[in-house]
Amino acid sequence: MPRKMIVETAISIKNADWLGLSETRSIVKALGSERMRFVGGAVRDALLARPVTDIDVATLLEPVDVMARLEAVGIKAVASGFSHGTITAVTDSRSFEITTLRKDAETFGRHARVEFTDDWEIDASRRDFTINALYADAEGKVYDPLGGMSDLAGPVIRFIGDAFTRIEEDALRILRFFRLSAELGVKDIDQGGLKATVERKHLLGTLSSERIRNELLKLLAAPEPAACLMVMTEAGILREILPDISDLSGLRSLLISEDKQKVCDPLRRLYALICGNGGSVQKFSEALKLSRKESDRLAAMEKVIRLMAGSPEKQNLEEVLYTFGREAARDALYLTAGQDLGVRLKQLETQDIPIFPLSGAELKACGYSEGEALGKALATLEGKWIRGGFRASKKALLNELQKQQA
Ligand code: ATP
Ligand code: MG
């Protein structure tokens, strides 16, 4: 039996579907139920009856043992963070991050010199916040070595140990402090923790863009991110990661629209934040090292909003849909939303994307040879077709072409 575990026998996890999944059961069986506990976000979110996505596991077994046991039962094991004790078990529906109980003997940002331990309380104390040091066994019984349950009830995000030291070890904890405050809807931020984040905010400059991006998008995905972002703005923390951003009004308008439609789109929220402060999408995409897909989507939002702002007649939904595609058209509706957002969104979802009825091959049949002239003729006809409300038929367009040639 593990030593020194404080057992909360009265509590069992509310939203525990994930505990019963066959994938979860096979991980438990492979490791042995007495040698493992679930920990972190899965336990925290389950206790709050929030959906559980990624599952973290703490185990008494060393990484080589974890790998051998997973492989022995045919579960794919990836040595994702072997040196600090983490093995990722990849199953069909999800992955499990399995980490050996450890003590961070020395910490330098995201890297630490670790020592494995069989003491669950030592493992708990190297974690960031009390609510993230809640463990649950395979039956859903919760273990609470550091008072995480009462902080979860607060809710309050409380650093484990001295907040200043914990931030000096890893400045990402500043962003995790605000992200979790936003996710849990914290009303009264822990003042000691806040003071430490403010006084150590310069350390944010030491973080990689990738770590900042991940936390920022998670913060923006929270149900009400604006209150936390406001605190971060007033404390001068936001500008350490997003220079030039201080006005949250663009984001606030989008949040109202998204709330009405019961949707949440962190990337669109990021756009509202950038564009509400006159920022350049390209600059922020590069600074945050967004993926190609993400930066392309932000760039499309920028273009479509510009087009729509330029001339009211260009706000024609069909034209936006044809030129930029359905996702950008939807984004544009949210970002420029008026009272009629719901109606316009419905219109968009039922609207077919117009198909230009002419092709290069057809122009070639009319005597055009491959090259610049053909491209130009096609583009001119397409422009006329768009301006005419996508109504001209192939025949009418070919007639038009003949008139031009005559
Ligand atoms: P989510 O999965 O919703 O992003 P999480 O809290 O599970 O939230 P993970 O990054 O999956 O976040 O980390 C799992 C656990 O590892 C955390 O709950 C916490 O106990 C610990 N942890 C993660 N990052 C840190 C950190 N920077 N400092 C200390 N402990 C951390
Ligand atoms: Mg997690």
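Trainee: At what angle do helix H10 and H14 pack, and how far apart are their axes?

Mentor: Two packed helices are described by the angle between their axes and the distance between those axes. In this predicted model, helix H10 (residues 209–220) and H14 pack at about 95°, and their axes are 8 Å apart. Axes here are lines fitted to C-alpha atoms, for helices over the stretch in contact, with angles running from 0 to 180 degrees between N-to-C directions. Helices (H or I, at least four residues) and strands (E, at least two) are DSSP runs, numbered from the N terminus.

Trainee: Which word describes the orientation of H10 and H14 to each other?

Mentor: H10 and H14 are therefore roughly perpendicular; angles of 65 to 115 degrees carry that name, those under 35 count as roughly parallel, those over 145 as roughly antiparallel, and the rest as oblique. The contact (heavy atoms within 4.5 Å) is made by Leu216, Leu217 and Leu220 of H10 together with Pro266, Leu267, Arg269, Leu270 and Leu273 of H14. By class, this contact has seven nonpolar residues, no polar ones and one charged residue. In this scheme Ala, Val, Leu, Ile, Met, Phe, Trp, Tyr, Cys and Pro are nonpolar, Asp, Glu, Lys and Arg are charged, and the others, Gly among them, are polar.

Trainee: What conventions apply to the numbering and the values?

Mentor: Residues are numbered from 1 along each chain as its sequence is written, while chains are lettered from A and ligands numbered from 1 in the order in which they are written. Because the model is predicted, local features need pLDDT of at least 70 and side-chain atom pairs count only at pLDDT 80 or more, whereas totals for chains, interfaces and linings use all residues; side-chain values use heavy atoms, with hydrogens and water left out.

Trainee: At what angle do helix H8 and helix H9 pack?

Mentor: Helix H8 (residues 172–184) and helix H9 (residues 191–199) meet at about 135°, with axes 10 Å apart. H8 and H9 are therefore oblique to each other. H8 passes H9 in a left-handed crossing, a term used if the near helix is turned anticlockwise from the far one by less than a right angle, right-handed being the clockwise case. On H8 the contact involves Ile174, Phe177 and Phe178, and on H9 it involves Gly193, Leu194 and Thr197. These residues divide into four nonpolar, two polar and no charged.

Trainee: Which protein donors does the magnesium ion (ligand 2) have?

Mentor: Donors are N, O and S atoms within 2.8 Å of the metal (3.2 Å for Na, K and Ca), and water is not among the atoms, so sites may look incomplete. For the magnesium ion, the protein donors are Asp54 (OD) and Asp56 (OD), lying 2.4 to 2.5 Å from it. Asp54 counts as partly exposed at 42% relative accessibility, and Asp56 is partly exposed at 21%. Buried means under 20% relative accessible area, exposed means over 50%, and partly exposed lies in between (1.4 Å probe, protein chains only).

Trainee: Which residues does Gly41 touch, not counting residues up to four places away in sequence?

Mentor: Gly41 touches Ala46 and Asp56. Gly41 is found in helix H3 (residues 41–47) and is buried, at 16% relative accessible area. The C-alpha atoms of Gly41 and Val52 are separated by 7.5 Å, although the two residues are eleven apart along the chain.

Trainee: Is Asp352 buried or exposed?

Mentor: Asp352 counts as exposed, at 60% relative accessibility. Asp352 lies in the loop between helix H19 (341–350) and helix H20 (360–365). Leaving aside neighbours within four places in sequence, Asp352 is in contact with Leu321 and Arg326. Asp352 and Leu321 are 31 residues apart in sequence, yet 8.6 Å apart C-alpha to C-alpha. Leu321 itself is among the buried residues of helix H17 (residues 317–324).
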